[in-house]
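Hello,

Here is the structure I said I would pass on. My notes on the strands and charged pairs follow below.

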Amino acid sequence: MTKHARDRAVVLGAGMAGLLAARVLSETYKEVLVIDRDRLGGKEQRRGVPHGRHAHALLAKGQQILNELFPGLDTELTSAGIPAGDIAGNLRWYFNGRRLQPSNTGLISVSATRPELESHVRDRVAALPQVTIMDGCVIRGLTASADRSRVTGVEVVDESGTDTPAHLEADLVVDVTGRGSRTPAWLEEFGYERPAEDRFKIDLAYTTRHFKLKEDPYGTDLSINPVASPSNPRGAFFPRLADGSSQLSLTGILGDHPPTDDEGFLAFAKSLAAPEIYRAVRDAEPLDEPVTFRLPASVRRRYERLRRFPGGFLVMGDGVCSFNPVYGQGMTVAALEAVALRDHLRDAPVPDALRFFRRISTVIDVPWDIAAGADLNFPGVEGPRTMKVKMANAYMARLHAAAAVDGEVTGAFFRVAGLVDPPQALMRPGLAMRVMRNSSAKQSGAAV
């Protein structure tokens with residue numbers, strides 16, 4: 001072990017969550033090593049982020065945090081030609097088959113692909129003098145003290161796996177390897193309890209293809225997004241990209257997966273609530289073959305409920321909570337967790353894992369409840385439908401119906417969906433009156 005409690009931190013994973021963790025750790029650790037199996041560089045799709053080929057969203061709160069951690073990042077992205085605009089004023093949204101009225105909220109959405117955004121953030125992190133990114137390294141496992149009470153480092157080999165493992169000592173190891181995190185197995189190996197899991201089976205799939213369009217369906221909009229609903233469980237995200245092409249990510253839940261053959265892909269697009277998408281792609285030039293990514297379930301690992309956890313070790317990102325990606329919450333929650341990590345390190349000279357997990361649990365609660373409640377609106381998703389969930393979904397159906405004619409309701413919704421305002425903001429008396437006035441149970445399909 002090194003002599004000082006904050007000499008070296010090792011971050012396992014160079015995805016968005018890992019880069020954000022490294023950025024925060026660089027404020028308090030003399031050296032931060034970021035380990036990743038992939039060879040990194042450029043804006044290309046990489047093996048370690050298989051969902052990176054598909055449409056991604058950085059919610060408004062996430063955008064705000066990134067601009068705080070990396071001043072000028074928004075200007076850097078737009079200077080690179082990446083489209084940007086108001087989340088509710090320059091994106092075309094459909095809920096329950098109805099187009100929402102636009103609203104200028106002042107909340108910016110940047111239409112970067114996942115590899116583009118990650119590349120810009122990675123370059124910023126790599127430029128920090130305290131940070132070294134070690135790519136092409138395979139994580140073999142953790143090392144621990146003799147009594148297993150503390151993680152002391154990590155063993156890595158090069159990507160060929162033939163070298164003798166190198167031991168990297170660390171005062172803190174942070175696992176941000178994502179959905180495939182091995183921390184539950186590592187805990188069991190060290191004699192600790194695995195965390196309990198909350199799980200919602202959604203059987204979701206994305207199928208994505210890029211097109212060169214013959215006609216412009218967007219106007220001033222950045223993207224056309226028909227959101228899946230119980231009445232039409234098929235959805236899509238259709239952004240225009242910096243290079244002038246368009247990305248169409250079709251989404252299907254509960255096994256109704258978008259096909260990868262030409263005919264099936266177009267038929268699925270034709271079934272969407274936004275007919276302009278099908279009209280735009282039916283005669284467009286495909287630029288690649290359709291690619292599918294599947295997610296069987298949303299999973300939340302309850303680390304905050306454990307009684308014991310080894311010192312010198314933390315978990316963040318999708319390894320703690322993996323959301324249904326259609327709600328676009330993952331990167332923003334990772335940003336919120338990075339802020340929580342910074343606050344925790346300011347409060348505790350030596351990180352306390354269980355205190356940290358309790359801190360990020362409060363960060364996760366709101367987006368998890370939003371996503372889980374929305375998923376439970378689909379009859380085929382298994383889970384407890386409490387009266388609170390039923391009433392919330394009935395109110396949201398009315399709110400979306402009202403937003404189809406009232407832009408102020410649209411704006412309020414996206415401030416909450418963007419994790420800027422708390423959910424309670426949607427129940428303010430003035431807004432609730434607008435919702436009731438501009439909707440009806442018949443229009444919204446609401447039922448309790």
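Alanine 9 stands opposite valine 32 in strand 2; strands are DSSP runs of E of at least two residues, helices runs of H or I of at least four, numbered from the N terminus. Strand 1 (residues 8-12) and strand 2 (residues 31-35) run parallel and are joined by 5 bridges. An open sheet of 5 strands has the order 7-2-1-11-18, with parallel pairing (a pair needs at least two DSSP bridges). Its edge strands, each pairing on one side only, are strand 7 (131-134) and strand 18 (313-315).

This is a predicted model: local features need pLDDT of at least 70 and side-chain atom pairs pLDDT 80 or more, while totals for chains, interfaces and linings use all residues. Residues are numbered from 1 along each chain as its sequence is written, and side-chain values use heavy atoms, without hydrogens and water.

The whole structure has 29 salt bridges (a Lys or Arg side-chain nitrogen within 4 Å of an Asp or Glu carboxyl oxygen). One of them joins arginine 39 and aspartate 135, with the closest N and O atoms 3.3 Å apart. Arginine 39 lies in the loop between strand 2 and helix 2 (60-69) and aspartate 135 in the loop between strand 7 and strand 8 (137-144), so the pair ties together parts 96 residues apart in sequence.

Another pairs arginine 209 with glutamate 289 at 3.9 Å, N to O. Arginine 209 is buried at 6% relative accessible area, whereas glutamate 289 is exposed at 55% (buried is under 20%, exposed over 50%, partly exposed in between; 1.4 Å probe, protein chains only).

Regards
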